[in-house]
Amino acid sequence: MSASLLAQVLANGLLLGGLYAAVAAGFSLVWGVLNVVNMLHGSAIVLGSYAAFFGWQKFGVNPFLSALVVGPAIGALGWAVQRYLVERVIAAPVLITLVLTFALDLILNNAMIAAFSADYRKIGSVSGLPPLTIGPVGVPVDRLLAALAGIAATLAIHLYLTRSRLGRAIVAVRMDRETAMLMGVKVEAIYAATFGIGLALAGIAGCLMAAVFPISPLNSPGYLGVAFVACVLGGLGSVVGAIVGGLVLGVVESFGAIFVGPEYSVTVASVLLIIMLLWRPQGLLGRAGYE
Amino acid sequence: MKSLTQSPWLLPVLVLAAGAAIAIGAPALLSQHTYVSRLATSLALLVTLSIAWNLVGGFTGYPSFATAAFFGLGAYATAVAQQAGWPVMAGFALAAICGALLAAPFGFAILRLRGHYFAIASLMLVTILKELTTGWASLTGGGMGINLPGAGGDPIAIARIALQTMVMLAAVALALSIVVAKGRLGFGLACIRMNETAALGAGIDAPRLKTIAFTLSAAICGLAGAAYARWIGYIDPSDVYDVMWSVRPIIATLIGGVGTIFGPVVGAIVYMVFEELMWRNLLTFGTGALGVLIALLVLVMPGGIIPTLLKRKAS
């Protein structure tokens, strides 16, 4: 493999990885704080993609700009889902929360298929610029912008978690729920806010995905898979870990497509995940203790 | 006579006898009603898969999503064997063996994980097998799938054999589940479910018992996949490795009662009725309506029917 091809494959992987970071960050946050695996995450991303698509088709809004509106809107939906539905079973065994969010995913996904059909749609070139060439490597501008925006959104949430009052309360609940309660943190409100932030990130990720990839409700399981793998790779509940996990997954998929064949990309990612789970379940950056 | 009624073998033997009676009698009653016969076969299949899932998810408390993996593997093992000219029974045996041979080492490895981690690792097995099956086109026909030899025969005869096979399989699974639940294995599994650390401390070989339960469950799922492939006559990866094969048994068992012996049976019946009503009346939103039903179930009656009834009786 020549050096220039190697550089191109690496660049493709990193561009994909930036998007994967945004896909995984909200999922990882919800899992880490609430101990809920949110099966609804993939469909929430697709919902964000549709919002960006219709914003672009009907009003000519750039998907990067619509992310600023779509994110909070889907975040509000997430807040309500946690406040009124998931909260009721939050103390139940893992299986119950899994099944509930799976059921919510069935509802949202089926509603999108009924409303928009399962046909693939695509936003045309957003920036309209030709690819950048950096040395031997060609980089499509839209992809670069989407990857950077994905990482920026993830970092913004990280800053919010570490700097703001609500963010620090969320981190406190993640670390020790009981002690946080004793310190006067209202855990129910924190849970709802966290789920809201998680789905807001899903909505933003959906807008970024829409700028690059075709849109269909059939994408949800794939996005959920990406979120799983990137989240476990990076470390559960760690937002910065989602960036690391997303980039690693993007690069591994990119090289896997060259060496093993693109038709086995999910197998490569899955095998990587299972090895990771067995070897270091707390992830590259995470801490042990979450189950 | 008292010793006979207390024998641990009485109930499983009765279940097998009842299964045999239904398997012999049902086709005669249902041969004129192809729709009911089809529904009964689907029900027996769901009962079998639910009982198999309950061995791991219910008795042991590990939320497995691997049912679809062993189901699909069994279906393909039988289809490939029959294409190679093997007799049907040998194809079925191969399906059970393949399921068990994959489940034993894989289960031993991932049963070290708990909670969500185990659920995800088991789900990944479905994805991996689906892609490998699609990719290995020379053996499996890839995305084109496989037409099973003999699939073009008399549809009424095929429906009758399928119904009988599925009912017998469900009876065998139920009998096995009773033997496990009442025996030492079931006791060990119950200890693991309640507190695995304490069970280990008490000298229970948890890794071995968990792996045995997982392997038994996989063998049953493999057989169910084989029976399904023979019944439908055509399989492809997106059909037999569909995650819904993992999810429906879980939902059915949740409805009836997780970890109880008859919960999967009761739950499967209730689930089939709802699913059938929804598919018939709400075609475009059938899956969504199923989601609404599942969400309501989990929110209103998370314990399932049988435990809820038992609790009401006790209080």
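**Chain A against chain B**

Student: How many salt bridges are there between chain A and chain B?

Tutor: Zero between chain A and chain B, taking a salt bridge as a side-chain nitrogen of Lys or Arg within 4 Å of a carboxyl oxygen of Asp or Glu. This is a predicted model, where local features need pLDDT of at least 70, side-chain atom pairs count only at pLDDT 80 or more, and totals for chains, interfaces and linings use all residues. Residues are numbered from 1 along each chain as its sequence is written, chains are lettered from A and ligands numbered from 1 in the order in which they are written, and side-chain values use heavy atoms, with hydrogens and water left out.

Student: Which elements of chain A give two or more residues to the side touching chain B?

Tutor: Helix 4 (94–116), helix 9 (220–234) and helix 11 (265–279) of chain A; helices here are DSSP runs (H or I, at least four residues), numbered from the N terminus. Helix 4 of chain A gives the largest share, 14 residues.

Student: And how much area do chain A and chain B bury between them?

Tutor: About 3400 Å², with 81% of it on carbon and sulfur atoms. That is accessible area (1.4 Å probe) lost on being put together, summed over both parts. In chain A, Leu95(A), Asn110(A) and Leu278(A) lose the most to chain B, together 16% of what that side buries.

Student: How many residues does each chain put into the contact?

Tutor: Chain A puts in 39 residues and chain B 40, with contact meaning heavy atoms within 4.5 Å.

Technical notes:
Buried area = accessible area lost by both parts, 1.4 Å probe.
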